[in-house]
Amino acid sequence: MQNHPTQRQHGQPLTPRRRRLLLALLAGQRTREEIDRIAGASNGPDEILNLRQQFALSIPCQRQKSRDRDGHPVQVGIYRLTDADRTTARRVLAIAKDQP
């Protein structure tokens with residue numbers, strides 16, 4: 001018996017938060033700060049980890065050099081979907097749309 005791609009082995013469905021994140025990532029790459037705002041929480045990296053685990057996604061994070069508001073050097077995390085991730089994300093969203 002196979003699990004639907006919208007559920008992990010423990011039967012957890014696609015949450016509204018994770019649905020928003022998948023839709024946003026399908027639209028393009030997102031910074032960590034954008035991920036936090038889209039998720040509606042300050043734990044964006046944890047939500048990305050959950051998406052990776054729940055749906056076997058890669059969602060690589062590229063580090064880009066930048067500066068904070070005080071001029072200090074920082075590295076900004078930028079998340080994106082791979083081509084394979086995009087296919088999986090579309091499938092997950094399509095199946096979730098048909099579920100109650």
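Helix H1 (16–27) and helix H3 (44–55) are among the elements that cover the buried residues of helix H4. Here contact means heavy atoms within 4.5 Å. Buried means under 20% relative accessible area, exposed over 50%, with a 1.4 Å probe and protein chains only. The model is predicted: local features need pLDDT of at least 70, side-chain atom pairs count only at pLDDT 80 or more, and totals for chains, interfaces and linings use all residues. Residues are numbered from 1 along each chain as its sequence is written, and side-chain values use heavy atoms, without hydrogens and water.

The buried residues of H4 are Asp85, Thr88, Ala89, Val92 and Leu93. They lie on the same side of H4, because they cover an arc of only 130 degrees around the axis, taken from the directions from the helix axis to the C-beta atoms. Asp83, Ala84 and Lys97 are exposed on the other side of H4. H4 covers residues 83–97; its 15 residues should span 21 Å at 1.5 Å a residue, and its end C-alpha atoms are 21 Å apart, which agrees. The expected span is 1.5 Å times one less than the number of residues.

Now the sheet. It is open, holds 3 strands in the order E1-E3-E2, and pairs antiparallel. Strand E1 (30–31) and strand E2 (61–67) are the edge strands, each pairing on one side only. E2 and strand E3 (residues 73–79) share 7 bridges; pairing needs at least two bridges found by DSSP. Cys61 stands opposite Tyr79 in E3.

The protein's pattern along the sequence is α-β-α-α-β-β-α. Helices (H or I, at least four residues) and strands (E, at least two) are DSSP runs, numbered from the N terminus. Of the 100 residues, 32% count as buried.
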